[in-house]
Amino acid sequence: MSVHGFRRTATGRIVLRVDVVEKGLLLTLLEQLVEFVTPEGAEDEDPLVSLVGLNPDAERPEDPALARLFPDAYLDDVDSSAQFRRFTERSLRETKLAHAATAIETLRRSGDKVTLSADDAVAWLGALNDVRLALGTRLGVTEEAMAEFAELPEEDPRAATYHVYDWLTFLQESLVRAVMR
């Protein structure tokens, strides 16, 4: 995996060098995120509902990873959370999908050198964060579990997934540093 992460060049561009495997892994993860975040039945939606931007049927996701990506706004008030979700979930999904689409597009148009504009970098930050949140939820990542995951033997089936999670964390951190420079 890339040991350099994102870097800001002397000309101010943000660049990531990736090999074929890294690029393929990122594309796969981002495409899975798009599939995961796209609501079921979106193609059959009422055009008026779509135009207004509401989701009258929005409910708290049962899937823990989706619930992490679309959390309740009010932990102690189920009714207020449901109301808030109806008004905001659509735009939140659209933003997540747009971020993932931007990251996918920049990867597809790039060779081994991915160059990001400032807007691309913001989208990449969102997409990397969403992939990490979903993957971390699936792995059961907590502060307490981090030491356990770091010590997993290579033959443990969770080890490879943890390494991907760790790499995504590194990429996200390097991108934050590059943006802030």
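**View 1. The surface and make-up of the chain.** The chain exposes about 10,800 Å², and carbon and sulfur atoms supply 55% of that area. Accessible areas follow the Shrake-Rupley method with a 1.4 Å probe; for residues, only the protein chains shown count as cover. This is a predicted model: local features need pLDDT of at least 70, side-chain atom pairs count only at pLDDT 80 or more, and totals for chains, interfaces and linings use all residues. Residues are numbered from 1 along each chain as its sequence is written, and side-chain values use heavy atoms, with hydrogens and water left out. Of the 181 residues in the chain, 38% are buried (under 20% relative accessible area; exposed is over 50%, partly exposed in between; 1.4 Å probe, protein chains only).

**View 2. The order of the elements.** The chain has seven helices and three strands. These are DSSP runs numbered from the N terminus: helices are H or I with at least four residues, strands are E with at least two. From the N terminus, the order reads β-β-α-α-α-α-β-α-α-α.

**View 3. The open sheet.** Three strands form an open sheet in the order β1-β2-β3, with antiparallel pairing. β1 (6-8) and β3 (113-116) stand at the edges, each with a single partner strand, so one side of each lacks a neighbour in the sheet. Neighbouring strands are turned by 30 degrees against each other on average, direction ignored. β1 pairs with β2 (residues 14-17) over three bridges, in the antiparallel sense. Pairing requires at least two DSSP bridges between two strands. Arg-7 has Val-15 of β2 as its bridge partner. Helix α5 (residues 118-139) packs on this sheet and touches β1, β2 and β3. The direction of α5 makes about 110 degrees with that of β3. Axes are lines fitted to C-alpha atoms, for helices over the stretch in contact; angles run from 0 to 180 degrees between N-to-C directions.

**View 4. Around Thr-106.** Thr-106 lies in helix α4 (residues 78-108). Thr-106 is buried, with a relative accessible area of 0%. Not counting residues up to four places away in sequence, Thr-106 touches Val-114, Leu-116, Asp-120 and Trp-124. Contact means heavy atoms within 4.5 Å.

**View 5. Helix α1 against α4.** The axes of α1 (residues 20-37) and α4 come within 9 Å and cross at roughly 155 degrees. That makes α1 roughly antiparallel to α4 (angles over 145 degrees). Residues of α1 in the contact include Leu-26, Leu-30 and Val-34. From α4, Leu-97, Ala-100 and Ile-104 are among them.

Methods: Angles under 35 degrees count as roughly parallel, over 145 as roughly antiparallel, 65 to 115 as roughly perpendicular and the rest as oblique.
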